[in-house]
Amino acid sequence: MALPFTPDVETILRSCVATLEAEIVPELTSDWGRYSGNLVAASLEYAITLLADPEAPARRRQELAEAIDTLRPRVEASGNAEAAAALEAASPYETASKLLVAAQNDTSPLAAELHAVLHPLLEQQLEAQLAASSPLLRAFVTNMQEAR
């Protein structure tokens, strides 16, 4: 018998989470089983978040690359060899990290600009990733509290 509709992936995953949390995990007798069940449920919740915006990682990477491109002319003209070398890194995340390290103990206007542009953007991206992965963090905290 076929269903009269095709359920969406989120509905299927939410059903799995609910079944794990309400039916399966409470029936498990071993600490390891409960720990694993909680972690599987949290992983499914994280997957739901990732499926909601599959373009987010590429968009965050592009936002950072664009921010670096706006800084590139000033970095290249600055004479700061460490910052200029950072522009050659393979990924925008590596480039941003190296630029911020180069600016760490620098009081120049360039260093201030690097901090002003890159730090808030990276912080915003980190907060978004932490929010998306929060089900996993909650599962780890719960499991650690139960392990006491």
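Predicted model: local features only at pLDDT ≥ 70, side-chain atom pairs only at ≥ 80, totals over all residues.
## Helix packing and selected residues

At 71% relative accessibility, Pro 109 counts as exposed, since the cut-off for that class is over 50%. Pro 109 has its place in helix α6. Between Pro 109 and Ser 78 there are 9.9 Å in space, C-alpha to C-alpha, while the two are 31 residues apart in sequence.

Let us stay with the helix that holds Pro 109. Helix α6 covers residues 109-132, which is 24 residues. From the first C-alpha of α6 to the last, the reach is 35 Å, close to the 34 Å expected at 1.5 Å a residue. Several residues of α6 are buried: Leu 110, Ala 111, Leu 114, Leu 118, Leu 121, Gln 125 and Ala 132. An α-helix has 3.6 residues a turn, so residues three or four places apart point the same way. That is handy to keep in mind when looking at the buried positions in the viewer. The cover over the buried residues of α6 includes α2, α3 (56-78), α5 (92-103) and α7 (134-146).

Which residues does Gln 125 touch, leaving aside those up to four places away in sequence? They are Arg 60, Glu 63, Leu 64 and Tyr 93. Gln 125 lies in helix α6, and its relative accessibility of 4% makes it count as buried, because buried means under 20%. Gln 125 and Arg 60 are 65 residues apart in sequence, yet their C-alpha atoms are 6.9 Å apart in space.

Now for the helix pairs, with their angles and axis distances side by side.

| Helix pair | Angle between axes | Axis distance |
|---|---|---|
| α1 and α2 | about 160 degrees | 9 Å |
| α3 and α5 | roughly 45 degrees | within 9 Å |
| α6 and α7 | about 60 degrees | 4 Å |

Begin with helix α1 (residues 9-27) and helix α2 (residues 31-52), which pack at an angle of about 160 degrees. That angle makes α1 roughly antiparallel to α2. The crossing in which α1 passes α2 is left-handed. From α1, the residues in this contact are Val 9, Glu 10, Leu 13, Arg 14, Cys 16, Val 17, Leu 20, Glu 21 and Val 25. They meet Arg 34, Gly 37, Asn 38, Val 40, Ala 41, Leu 44, Glu 45, Ala 47, Ile 48 and Leu 51 of α2. Sorted by class, the contact of α1 with α2 has 12 nonpolar, 2 polar and 5 charged residues.

One of the α2 residues in that contact is Asn 38. Is Asn 38 buried or exposed? Asn 38 is buried, as its relative accessible area is 17% and the cut-off is under 20%. Not counting residues up to four places away in sequence, Asn 38 touches Val 25, Ala 139, Asn 143 and Glu 146.

Next come α3 and α5, whose axes cross at roughly 45 degrees. That makes α3 oblique to α5, and their crossing is left-handed. On the α3 side, the contact involves Arg 60, Arg 61, Leu 64, Ala 65, Ile 68 and Val 75. The α5 side brings Pro 92, Tyr 93, Thr 95, Ala 96 and Leu 99. By class, the contact of α3 with α5 divides into 8 nonpolar, 1 polar and 2 charged residues. Arg 60, Leu 64 and Tyr 93 from this contact are also among the residues that Gln 125 touches.

Finally, α6 and α7 have axes 4 Å apart and an angle of about 60 degrees, and are therefore oblique to each other. Leu 130, Ala 131 and Ala 132 of α6 make the contact with Ser 134, Pro 135 and Leu 137 of α7. These residues divide into 5 nonpolar, 1 polar and no charged. Ala 132, one of the α6 residues in this contact, is also one of the buried residues of α6.

Terms used:
Residues numbered from 1 in each chain as written. Heavy atoms only, no water. Axes fitted to C-alpha atoms, helices over the stretch in contact; angles between N-to-C directions. Helix = DSSP H or I, 4+ residues; strand = E, 2+ residues; numbered from the N terminus. Parallel < 35°, antiparallel > 145°, perpendicular 65-115°, else oblique. Left-handed = near helix turned anticlockwise from the far one by under 90°. Contact = heavy atoms within 4.5 Å. Nonpolar A, V, L, I, M, F, W, Y, C, P; charged D, E, K, R; others polar. Expected span 1.5 Å × (residues − 1). Buried < 20%, exposed > 50% of the residue type's maximum accessible area, 1.4 Å probe, protein only.
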